[in-house]
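Good morning, colleagues. I would like to take you through one model today, beginning with the ligand and then turning to a few loop residues.

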Amino acid sequence: MTAETPIFVLNGPNLNRLGKREPEIYGHTTLAEVEAMCRAAAGARPLRFHQSNYEGQIVDWIHEAIEGGAAGIVINPAALTFTSIAVLDALKMFPGPIIELHISNIHRREAIYHNSLVSRIATAVIAGLGPQGYGVAVRALLGLITRKS
Ligand code: CA2
């Protein structure tokens, strides 16, 4: 693995609406602004930033990260966090660090948001820092990668 090995930031269903609905929960920052924050945090490290409303597409990007030898993954699986064994199984195959990220603190919310499947295999979980959490997650991921190599 070299400094040119990319990291992936993956976003699940409805996050393309960020900044446009429910700002009291998710803030005013748009997904395009989140992407810019991630790129700033990544510095020279290449970063693949994706969002999809489709479970299979998220699974395909995780496979891409596995096959292309990505250095690490930050993932906000959104609702798939609580439902998707397909995403869980794909993430299990990824050998590098995985940071599960949520904009809101899912544990302070309704019970349906409490049982993350992804947390079982995530290296670390960040929740409740708002959209700024993405920058924190990318910097933490780079730290994990540097420490390991
Ligand atoms: O807090 C997070 O980042 C979540 O992953 C967001 C998910 C929710 O299902 C998770 O429990 C916590 C929902 C994303 C919905 O995205 C929206 C974006 C803008 C406006 C409304 C919803």
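Which atom of the ligand lies 2.7 Å from a backbone N or O atom of isoleucine 103? It is an oxygen atom of the ligand. Please bear in mind throughout that this is a predicted model.

In serine 104, the side chain supplies an N or O atom that is 2.6 Å from an oxygen atom of the ligand. Asparagine 14 takes part through its backbone, where a polar atom is 3.5 Å from a ligand oxygen atom. On its own, the ligand has 510 Å² of accessible area, and the protein covers 93% of that area.

Where does the ligand sit? Its place is the largest pocket. There are 18 residues around the ligand, and those that come nearest are Asn76, His102, Ile103, Ser104 and Tyr113. Sorted by class, the shell around the ligand consists of ten nonpolar residues, four polar residues and four charged residues.

Asparagine 14 belongs to the loop that runs between strand 1, residues 7-11, and helix 1, residues 23-26. Its phi angle is near 80 degrees, which is a positive value in a residue other than glycine. Is asparagine 14 buried or exposed? Its relative accessibility is 54%, and because exposed means over 50%, asparagine 14 counts as exposed.

Glutamate 22 lies in the loop between strand 1 and helix 1 as well. Here, too, phi is positive in a residue other than glycine, with a value near 45 degrees. The relative accessibility of glutamate 22 is 41%, so this residue counts as partly exposed; that class covers values between the 20% limit for buried and the 50% limit for exposed.

Finally, let us consider alanine 78. This residue is found in the loop between strand 3, residues 72-76, and helix 4, residues 80-83. Why is alanine 78 classed as buried? Its relative accessible area is 15%, and buried means under 20%, so alanine 78 falls within that class. How far apart are alanine 78 and isoleucine 7 in sequence and in space? They are separated by 71 residues in sequence, and the distance from C-alpha to C-alpha is 19 Å.

Thank you for your attention.

Definitions and conventions
Residues numbered from 1 in each chain as written. Predicted model: local features only at pLDDT ≥ 70, side-chain atom pairs only at ≥ 80, totals over all residues. Heavy atoms only, no water. Near = heavy atom within 4 Å. Polar contact = N/O pair within 3.5 Å; in protein donor to acceptor, adjacent residues only side chain to side chain. Areas by Shrake-Rupley, 256 points an atom, 1.4 Å probe, with all protein chains shown as cover. 1 Å grid on protein atoms, 1.4 Å probe; cavity = no way out; pocket = protein on both sides within 12 Å on 5 of 7 lines; lining within 4 Å. Sits in = over half its atoms within 2 Å of the grid points. Nonpolar A, V, L, I, M, F, W, Y, C, P; charged D, E, K, R; others polar. Helix = DSSP H or I, 4+ residues; strand = E, 2+ residues; numbered from the N terminus. Buried < 20%, exposed > 50% of the residue type's maximum accessible area, 1.4 Å probe, protein only.
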